[in-house]
Every structure is written in structure tokens, then in C-alpha cells.
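Please read them with the model open beside you.

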Amino acid sequence: MVGSGKFSISYRNASGVGTAKIGTISGTSITLGSAFDWSSGYSIVSTGQYDKHRTMYIPSVDRIVWVWQRDSNKYGYIRVATPNTSTN
């Protein structure tokens with residue numbers, strides 16, 4: 001959960017770029033916000049069964065952290081962001 005009634009999902013889009021959305025839960029409905037590119041436009045490694053990226057939320061400092069391996073050079077990267085939970 002990212003704030004009250006909010007959550008974050010992270011995935012590798014069709015171009016291989018690491019992407020995230022903030023979702024809102026209201027009653028029995030879920031609304032997803034705009035996509036956010038957290039891998040700076042670079043493809044992340046996919047082994048076919050899973051992508052080599054991890055996401056975590058640190059509530060004490062209100063930050064989302066992404067860790068991934070870039071497909072082009074196999075280096076590890078990290079990105080930290082404050083979620084905008086005022087809108088989706």
C-alpha cells in the first residue's frame with residue numbers, strides 16, 4: 001500500500017521499459033493512474049519467466065524504490081521516488 005487506499009504496481013511494458021502506476025481502491029472499484037517510466041527509457045532484463053526488477057515501498061519516508069538490471073549492459077540500477085497520491 002502507498003498511502004490510504006493506494007497501491008503501486010510495477011511491470012515491464014511491451015517495449016521492455018520498467019513502468020509503474022499508482023492505483024486507488026474505492027469500495028469494489030480500482031482505478032489506475034498514468035504510467036510512469038522508472039527505468040529511464042531503458043529495457044530491463046527478462047528471463048522469459050520473470051523480469052529482473054524488484055519494487056518496495058518504505059512507509060517511514062514515503063518512498064517507492066525500484067531496483068533492476070538493464071538489458072543492454074547487465075548493470076544494476078536503483079531509482080527512488082515519492083509517490084504522488086493526490087491523484088492517480
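1. Start with the aromatic residues. F36, W38, W66, W68 and Y77 form one aromatic cluster. Please keep in mind throughout that this is a predicted model.

2. How many aromatic pairs does the structure hold? There are four. One of them joins F36 and W66, whose ring centres are 5.6 Å apart; the planes meet at 40 degrees, so this pair is tilted. The cut-offs behind that word are simple: planes under 30 degrees apart are called stacked, those over 60 edge-to-face, and the rest tilted.

3. The F36 and W66 pair links two strands. F36 sits in strand 4, which covers residues 36–37, and W66 sits in strand 6, residues 63–69; the pair therefore ties together parts that are 30 residues apart in sequence. F36 has a relative accessibility of 32%, so it counts as partly exposed. W66, in contrast, has a relative accessible area of 2% and is buried.

4. Are W38 and W66 buried or exposed? Both are buried.

5. Now the overall layout. The protein has seven strands and zero helices. Along the sequence this reads as β-β-β-β-β-β-β. Of the 88 residues in the protein, 30% are buried.

6. K6 deserves a separate look. This residue lies in strand 1, residues 6–12. K6 is buried but has no salt bridge, and the nearest side chain of opposite charge, that of D62, is 11 Å away. A salt bridge would require a side-chain nitrogen within 4 Å of a carboxyl oxygen. What does the side chain of K6 contact instead? It makes a polar contact of 3.0 Å with the side chain of T24.

7. D62, named in the previous point, is found in the loop between strand 5 and strand 6. With a relative accessible area of 29%, D62 is partly exposed. Its phi is near 50 degrees, which is a positive value in a residue other than glycine. When you go through the backbone angles, look at this residue.

8. A second polar contact involves T19. The residue belongs to strand 2, residues 18–26, and at 5% relative accessibility T19 counts as buried. Its side chain makes a polar contact with the side chain of N13, at 3.4 Å.

9. Which residues form a nonpolar patch on the surface? They are I9, I25, I30 and L32, and together they have about 330 Å² of accessible area. Take I30 as an example: it lies in strand 3, residues 29–32, and it is exposed, with a relative accessible area of 57%.

10. Some residues lie apart in sequence, and their C-alpha distances are worth checking in the model. D37, in strand 4, is partly exposed at a relative accessible area of 32%. D37 and V17 are separated by 20 residues in sequence, and by 7.0 Å from C-alpha to C-alpha.

11. Is P83 buried or exposed? It is buried, because its relative accessible area is 9%, and the limit for buried is under 20%. P83 and F7 are 76 residues apart in sequence, and their C-alpha atoms are 9.6 Å apart in space.

Terms used
Residues numbered from 1 in each chain as written. Predicted model: local features only at pLDDT ≥ 70, side-chain atom pairs only at ≥ 80, totals over all residues. Heavy atoms only, no water. Helix = DSSP H or I, 4+ residues; strand = E, 2+ residues; numbered from the N terminus. Buried < 20%, exposed > 50% of the residue type's maximum accessible area, 1.4 Å probe, protein only. Lys, Arg positive; Asp, Glu negative; His and termini not counted. Polar contact = N/O pair within 3.5 Å; in protein donor to acceptor, adjacent residues only side chain to side chain. Phe/Tyr/Trp six-rings, centres within 6.5 Å; stacked < 30°, edge-to-face > 60°. Patch = residues over 30% accessible without salt bridge, like charges linked within 9 Å, V, L, I, M, F, W, Y side chains within 5 Å. Areas by Shrake-Rupley, 256 points an atom, 1.4 Å probe, with all protein chains shown as cover.
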